[in-house]
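Take a walk through this fold, one element at a time.

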Amino acid sequence: MFLAREEPPARPELTVVTGAQVSERGRPEEGPEPEPAPIVLLLSGPNLNLLGQRQPEIYGRDSLADHIAKATLAAAEYGLGVRHVQSNYEGALVDAVHEARGEVAAIVINPGALTHYSWSLHDALAAFDGPIVELHLSNPAGREAWRQTSVVAPVATGVIAGFGGEGYRLAIEAVASLLRSRR
Ligand code: DQA
């Protein structure tokens with residue numbers, strides 16, 4: 001006797017769609033390309049590549065890579081991407097600010113010692129449209145007299161200083177809030 005074997009029912013393709021992509025009839029539709037995440041440029045100036053080894057009693061034991069990883073995680077929570085540039089050369093940082101124009105949503109900059117005398121960085125930042133957060137691990141206002149002047153602060157939206165590595169997360173939170181209020 002011939003027994004017909006029942007074919008298993010075809011498995012429907014499983015498609016994950018966001019609420020906005022489901023039509024009224026519940027059918028997935030071609031949605032628009034999702035917007036790319038706005039980018040925050042993290043700029044690190046001279047000697048910050050030595051974080052973790054350089055005067056840990058002042059700047060802590062975490063490396064720059066640790067700080068950037070923390071900032072990147074914090075940024076992701078706000079739907080932001082991070083691009084990081086570290087250089088010991090003033091001109092390379094100026095170039096990075098120029099390249100950021102029209103490309104990135106905001107800048108978080110720890111200019112290192114350039115904070116205290118780099119008018120070229122000041123001018124480059126003045127030509128950037130989005131929010132700018134000046135960030136320091138230490139609190140330069142409580143240190144040597146020459147560190148108590150910042151030529152970057154006048155063109156920054158605000159300054160976060162003295163909170164050690166926690167400052168990276170605070171800077172991202174500040175940027176996220178500033179970008180939200182611009183929308
Ligand atoms: C610094 C403070 C600057 O005065 C110093 O030159 C640095 C680090 C900070 O993060 O505390 O390199 O920007």
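This is a predicted model: local features need pLDDT of at least 70, side-chain atom pairs count only at pLDDT 80 or more; totals for chains, interfaces and linings use all residues.

**The sheet and its helices**

Start with the open sheet: five strands, in the order 2-1-3-4-5, with parallel pairing. Find the edges. They are strand 2 (81-86) and strand 5 (158-161). Each edge strand has a single partner strand, so one side of each is left without a neighbour in the sheet.

What holds strands together in general? Strands of a sheet pair through backbone hydrogen bonds, either parallel or antiparallel. Take one pair here. Strand 3 (residues 106-110) and strand 4 (residues 132-136) pair in the parallel sense, over three bridges. Valine 108 stands opposite valine 133, which lies in strand 4.

Next, see what covers the sheet. Helix 3 packs on it, touching strand 1 (39-44), strand 2 and strand 3. The direction of helix 3 makes about 170° with that of strand 1.

Now turn to helices that pack on helices. Two packed helices are described by the angle between their axes and the distance between the axes. Helix 3 (residues 90-100) packs with helix 4 (residues 119-126) at an angle of about 5°, and their axes are 9 Å apart. That angle is under 35 degrees, so helix 3 is roughly parallel to helix 4. Helix 3 brings Glu90, Leu93, Val94, Val97 and His98 to the contact. Helix 4 brings Ser120, Leu121, Ala124 and Leu125. The residues of this contact of helix 3 with helix 4 divide into six nonpolar, two polar and one charged.

Move on to helix 2 (residues 64-77) and helix 5 (residues 166-182). Their axes come within 9 Å and cross at roughly 30°. That makes helix 2 roughly parallel to helix 5. The crossing of helix 2 and helix 5 is right-handed. On one side stand Leu64, His67, Ile68, Ala71, Ala74 and Ala75 of helix 2; they meet Tyr168, Arg169 and Ile172 of helix 5. The residues of the contact of helix 2 with helix 5 divide into seven nonpolar, one polar and one charged.

Finish with one residue. Histidine 67 is found in helix 2. Is histidine 67 buried or exposed? Its relative accessibility is 2%, so histidine 67 counts as buried. Leaving out residues up to four places away in sequence, histidine 67 touches Leu51, Asp62, Leu137, Gly165 and Tyr168.

Conventions: Residues are numbered from 1 along each chain as its sequence is written. Side-chain values use heavy atoms; hydrogens and water are left out. Axes are lines fitted to C-alpha atoms, for helices over the stretch in contact, and angles run from 0 to 180 degrees between N-to-C directions. Helices (H or I, at least four residues) and strands (E, at least two) are DSSP runs, numbered from the N terminus. Angles under 35 degrees count as roughly parallel, over 145 as roughly antiparallel, 65 to 115 as roughly perpendicular and the rest as oblique. A crossing is left-handed if the near helix is turned anticlockwise from the far one by less than a right angle, and right-handed if clockwise. Contact means heavy atoms within 4.5 Å. Ala, Val, Leu, Ile, Met, Phe, Trp, Tyr, Cys and Pro count as nonpolar, Asp, Glu, Lys and Arg as charged, and the others, Gly among them, as polar. Buried means under 20% relative accessible area, exposed over 50%, partly exposed in between (1.4 Å probe, protein chains only). Two strands pair if DSSP finds at least two bridges between them.
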